[in-house]
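Look at how the chains of this model meet. We will take one pair of chains, then another.

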Number of protein chains: 4
Amino acid sequence: MAHNMEQCIDNCLDCYRVCLETIKYCFEQGGKHAAPDHIKILMDCVMACQTSANFMIRGSEMHGQTCGVCAEACRRCATECEKMADDEQMQKCAEACRRCQRTCEEMASSATSA
Amino acid sequence: MAHNMEQCIDNCLDCYRVCLETIKYCFEQGGKHAAPDHIKILMDCVMACQTSANFMIRGSEMHGQTCGVCAEACRRCATECEKMADDEQMQKCAEACRRCQRTCEEMASSATSA
Amino acid sequence: MAHNMEQCIDNCLDCYRVCLETIKYCFEQGGKHAAPDHIKILMDCVMACQTSANFMIRGSEMHGQTCGVCAEACRRCATECEKMADDEQMQKCAEACRRCQRTCEEMASSATSA
Amino acid sequence: MAHNMEQCIDNCLDCYRVCLETIKYCFEQGGKHAAPDHIKILMDCVMACQTSANFMIRGSEMHGQTCGVCAEACRRCATECEKMADDEQMQKCAEACRRCQRTCEEMASSATSA
């Protein structure tokens, strides 16, 4: 497996975990953290990362397409979390999303069969 | 929820189930049924259907994008299964994939936020 | 596949879907509906149902164990939803959980290899 | 979050990934590697690890029960992979399963609410 795909799988699994931890944190905080649209965007990112990691690990020819969707879910989630950048957990989440977005964009554009 | 989205969720959950049953069947048959590329395409379809159903049920704004990927996974899986159309299980699987493909294409093209 | 396992898979997929719809509904309602512990119990049920359906469809020898966990997750979720039984969606969710609980208990106790 | 739960989440996500990579490897090898029962046991482990990681990250009160099932899935998968211990990938997989089994057993026995 190519080195950049290994890195992208790492980033997807890390982003999956950080976003799911952040959902738990947001429920505990309540208020704007627990707003339905905020949780929905975090959940989109959790699911997209899980799916993309799975397609890459299995060596699917469609991984370029799932990485494309994942990059967009990460971009939206990072933008959302950056609005609360004075909050350490949200900042951590935004950074995981940006890392995952970058490698997923790379995988999406390099996958010839996608 | 709009009627056509309800139908698409039904089709995704049905296609998920039929493809996963078909993987089990293919392992038991062995030979060309259990060829790595054949199983991989079925597994792509299982995962894509699960993800799309999840995005639609949660009311995600990104469901148009996951349905786009799912339509493509279903199209590939149906084409693959139709090569063994003299086999009842493969025929059943191809039909579930075609139904799911059609409604996913519809969802993908009608989702303005996708 | 035995008839009662088919029924249990139906109930798991239905309960998965209804619980995930209910989470969306609870976010929209806010207040006690969106309490962290309430959402957590619904999410446990979503994940347990998805896992048990997957193990049964694949014909796993461990399905008795996943059905055992699923029955407990459904029991907890039904008990929680029945506290808001004057709310139609919560009532619908409680009923889906009870149906799934019953067939999962049956699968758990009949699985000799579990 | 307690240190030992962090470690168990790490082990579950690692075991998830290694088992899914191993399934891909086994298909490519064919023969006894691709035997239906072998793949089924690996797939059980993939799903059980994914579910347990999810329950722990979300802080679910039922994580003790999902870890109990995961420990058993890991034990079975390790035993199976150890039969092919002259194969480097199978050895790597067995080791990931044993690490995950140990921490899942620990989580299962320490969870008072399980």
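How many salt bridges are counted between chain B and chain C? The count is 4. A salt bridge here is a side-chain nitrogen of Lys or Arg within 4 Å of a carboxyl oxygen of Asp or Glu. In one, the side chains of C:Arg17 and B:Glu6 meet, at 2.7 Å from N to O.

Some ground rules come next. The model is predicted, so local features need pLDDT of at least 70 and side-chain atom pairs count only at pLDDT 80 or more, while totals for chains, interfaces and linings use all residues. Residues are numbered from 1 along each chain as its sequence is written, chains are lettered from A and ligands numbered from 1 in the order in which they are written, and side-chain values use heavy atoms, with hydrogens and water left out.

Stay with chains B and C. Between them, 6 residue pairs are in polar contact, both residues at pLDDT 80 or more. A polar contact is a pair of N or O atoms within 3.5 Å; within protein, one must be able to donate a hydrogen and the other to accept it, and residues adjacent in sequence count only if both atoms are side-chain atoms. Which helices of chain B take part in the side that touches chain C? Both α1 (3-29) and α2 (36-57) supply at least two residues each. Helices (H or I, at least four residues) and strands (E, at least two) are DSSP runs, numbered from the N terminus. The largest share, 9 residues, comes from α1(B).

How far does the meeting extend? In all, 14 residues of chain B are in contact with 14 residues of chain C. Contact means heavy atoms within 4.5 Å. The size of an interface is often given as the accessible area lost when the parts come together. Chains B and C bury about 1,500 Å² between them, and carbon and sulfur atoms give 59% of that. This buried area is the accessible area (1.4 Å probe) that two parts lose on being put together, summed over both.

Now for symmetry. Two copies of a chain are related by a rotation about an axis and a shift along it. For chains B and C, the rotation is 180 degrees and the shift is 0.0 Å, with an RMSD of 0.0 Å. Copies are superposed by least squares on the C-alpha atoms of residues with pLDDT of at least 70 in both. In chain B, B:Leu13 has the C-alpha nearest this axis, 3.8 Å from it.

Turn to chains A and B. Here 20 residues of chain A are in contact with 20 of chain B. The buried area is about 1,800 Å², with 59% from carbon and sulfur atoms. There are 2 salt bridges between these chains. B:Arg58 and A:Asp44 form a salt bridge through their side chains (2.8 Å, N to O). In chain A, α2 (36-57) and α3 (63-82) each supply at least two residues of the side that touches chain B. The most, 8 residues, come from α2(A).
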